[in-house]
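Please open the structure in your viewer and keep the selection panel at hand. The stops below say what to select next and what is there.

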Amino acid sequence: MALFSWPAATRLGARAAAYLPVLVPAVFLLVMLLAPALRLMLQGMAPGWFGAPVDLEASGGLAWVTSLFAPWQDAYLRGRMAWSLTQAALTCMICLLVGLPLAWVLARFEFAGRTLVLRLLMLPFVVPTLVAALGVLALMGPRGLLVQLGGPDLQGTPWLLLYGNVFFNLCVLVRAATESLGQVSAARLAAARSLGCTPWRAFWRVELPAIAPWLMSALCLVFLYCFSGFGLALVLGGQDYGTVEVEIYTLVAHELQLGSASVLALWVMAFTGLVAWTYAAVERRLATPLRADTVPRQSPRTPLQWAAVIGCVAVLALVCAAPLVAIVWRAAHAGAQVWAVLSDEATLQALWNTCRFSASALAVATVLGVLHAVAARRSLWLRTAVFLPFVVSPVMVGFGLLLLYPSWTNSAGLLVAAYALLAYPFVAKAVASALDGLPASYADAARSLGANPWRAFWRVSLPLIAPALRRGMAFAAATAVGEFAVSLFLSRPEWATLTTLIYQHLGRPGAANMDAALVLACVLMLLSFAAFMLIEWPSREERRDA
Amino acid sequence: MKHITLSALATACASLVLACATLSSAQAAELRVLTHSSFGVPKPLLKQFETDTGVKLVISKAGDAGEMLNKLILTKASPIADVVYGIDNSLASKALGADVLDAYTGPAASRPSAVALPGLVPVDYGYVTVNYDKAWFAKSKLALPKTLDDLAQAPYAKLLVVQNPATSSPGYAFMLSTIGAMGEEKAFDWWGRMRANGVKVAKGWSEAYYTEFSRNGGKYPLVVSYASSPAAEIFYSKEKLSEPPTGSLSLPGGVFRQVEGVALVKGGKERAAAEKFVEFMRSPAVQQQMQTEMWMFPVEAGVARADVMKFAPEPTQFDSPEGKDIAEKGAGWVARWTKVVLK
């Protein structure tokens, strides 16, 4: 046994370790995402399929090229495309302008409840679309608080969708910016100040460049969410302000016009793919090693500083908390007999399903995410590929999976894989950013001391990126808890999650159903918040030790 | 950190094992039932069916009825189900045209039923029609509309919310009723006037009923829903009401009778079990219970109406184009509707 050549085994292990990070995510993406989407598109192009555009059926080959530009020749579709881009860009701008000052206050000042504010920020992210829309409408709809206070009724205007977008996405930017501002080098900032920089100039010349990659990554995510999101656009945008993704969904699910849908999906992919690629390229160029000497947070002292802190919390409460408070408030007034829904067998089952699917999805997403992030260090393409789950239309993927694996559509494995597919980019992105910030010398030192790459990663890099990993996992868990991906496949009643249960109640008339949905929405918020806290909690202490 | 990563890995392995176990257990004889999302048969009845027949039910909810049928058509070569419930008379011709169903000729098919559904075994029926918010109309002192034409007049401007026929079964049904009653040209002329009069379009029933309907905080006191919705409002009311807060308007030309049925899936397995399931859907127990689960009327003669259904009066008049026309022109009508009302 002692003669078993273990150096050879380690060599083999090292080689496996080198290929594993590329292979596993690549295969996963191919099987779960690219192949299904391509399969559906091929079906759409197949002659004789009655959903295909007529001209395509008639003349075959060359018609392909002309039909590729069909969306731009149709004024209606052109309008949808333009509106999709506009609302996504506007949301990004608003998030940046509102979110950056908020993040700066949160990163630089220490005050009671700061951690809680940071964690509560996550809530909008995990609320199911229809419930969030109910909250937004309770606030700004026809009978909403805003109207009662004499404000305008926003229903039926584009502002409702924009507010909804900001409500959902502001947290993404604020959290990323806060996190990165906390890592700005204190020495550089101090040097800038001692050389006569005003705080504003120091921010502009030192802090902003340092956090730019994180901001870019967050903005990129916000853009992708708004551009390709469709749940929110459907409910808040109504039919007038729907996005391209709404169009694709209608074409595939309801009209079976696979040809036209494929063409639209290709255009969406071209746009979002370009955004993702630009981001990946920019992020890699901007990557700077992490500083150990972080800027300490100070307690607000001057009235101006206090005003900043109070203003920051007030804005967050207004933008992110108000719709949720509206839901909680309405649920609280639902009465005891509605709250009894919590002890229903169906509710308990849904609770258990939500926990079990989210946990499995999180495990898969963590492994995939870390492997992908490691692989992405070497290749810009792999870095871009992290965004594929956001880039490829979920409707195309959902129906493609049905076509490609009809016998698997009823399996729990596919369900969990679908959840993981939507959750893992969060892990991959967070870890990739952290890895960029790691000085190469640490891992090199470990290697020179004889550790193989796998061991160097496990013992040196991984502990250093732990906080980022936790943050990514927390986002992934929160996404999984509130996810409604099942609706794209076939959902089995015994697999109903809290989200599906909420939609079920909202699918029937009657006040009790509406209230039950609101109560369940509160439970869902609580659950995802708990998941988030549980995963992210220890990271703060760890950083203090460092 | 280390043990968090370790435990994550462990959970990943465990879930993999779990998935494999689920896959291998799927080898037992199972009947795959495809339904729309509103399917509601009480669990004890489903359990009873499983013990009585020795068949394990695997029920898949595939979204809205139209979406469900499209999934079935899409996977025709390798069907995802053995039996399908929820295809209605607005979709039946399309399903038959796409050749995804097999005829069933057992007892349930030949027994008399309240309504017919060619090509499928009818299970239940209901009416899509305009509902109104009683409190709103009492407060505004506006008379209830009596005809579809009224709705296109100034006093009723911006009062009605309808579902998009492209994404919603009730929306599609309502559009069909207008075409059935007025003929294509006049119907789209009416829709054009409705657009000018500010008709609101919602994606699906939930959005229309829970975010736009004035009863639930929206600003539209008229909504396309079911004739049975007022009964459901009573059934699901918090404080026990003696009168529904909403009512259904059976406007001439604005009522569609929806008949839902069950059928065998062409190329499906477990034929014997599938036939038993067809009979099960027509059994008195299911016919009785589904009234207050799905809010549809039973087709089986001799099955008593649920008590609360007395708040759901049946419209006497309803309209629909021919089944053949629906199959041939349905998609074209939806496209035209989109152009007239939305674009």
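Are B:E67 and B:K71 buried or exposed? Both B:E67 and B:K71 are buried, where buried means under 20% relative accessible area, exposed means over 50%, and partly exposed lies in between (1.4 Å probe, protein chains only). This is a predicted model, in which local features need pLDDT of at least 70 and side-chain atom pairs count only at pLDDT 80 or more, while totals for chains, interfaces and linings use all residues. Residues are numbered from 1 along each chain as its sequence is written, chains are lettered from A and ligands numbered from 1 in the order in which they are written, and side-chain values use heavy atoms, with hydrogens and water left out.

**Salt bridges**

Stay with B:E67 and B:K71, whose side chains meet in a salt bridge at 3.9 Å, N to O; the term stands for a side-chain nitrogen of Lys or Arg within 4 Å of a carboxyl oxygen of Asp or Glu. Because B:E67 and B:K71 are four residues apart in helix α3 (residues 65–74) of chain B, about one helical turn separates them. Helices here are DSSP runs (H or I, at least four residues), numbered from the N terminus.

Next select B:R193 and B:D189, which form a salt bridge with their closest N and O atoms 3.6 Å apart, and which both lie in helix α9 (residues 184–196) of chain B. B:R193 is partly exposed at 32%, and B:D189 is partly exposed at 45% relative accessible area.

Now move to chain A and select A:R297 and A:E110, whose side chains meet in a salt bridge of 2.9 Å, N to O. This pair links distant parts of the chain, 187 residues apart.

**Aromatic rings**

Over all chains, 36 aromatic pairs are found, counted when ring centres of Phe, Tyr and Trp (its six-membered ring) lie within 6.5 Å, with planes under 30 degrees apart called stacked, over 60 edge-to-face and the rest tilted. Select A:W104 and A:F109: their ring centres are 6.2 Å apart and their planes stand at 80 degrees, so the pair is edge-to-face. A:W104 is partly exposed at 27% relative accessibility, whereas A:F109 is buried, with a relative accessible area of 5%.

Then select A:W200 and A:W204, a stacked pair with 5.7 Å from centre to centre and 25 degrees between the planes. Both lie in helix α12 (residues 199–228) of chain A, and A:W200 is exposed, with a relative accessible area of 59%.

Finish with A:W72, A:F223, A:F227, A:W267 and A:F271, which form one aromatic cluster.

Technical notes: Helices (H or I, at least four residues) and strands (E, at least two) are DSSP runs, numbered from the N terminus.
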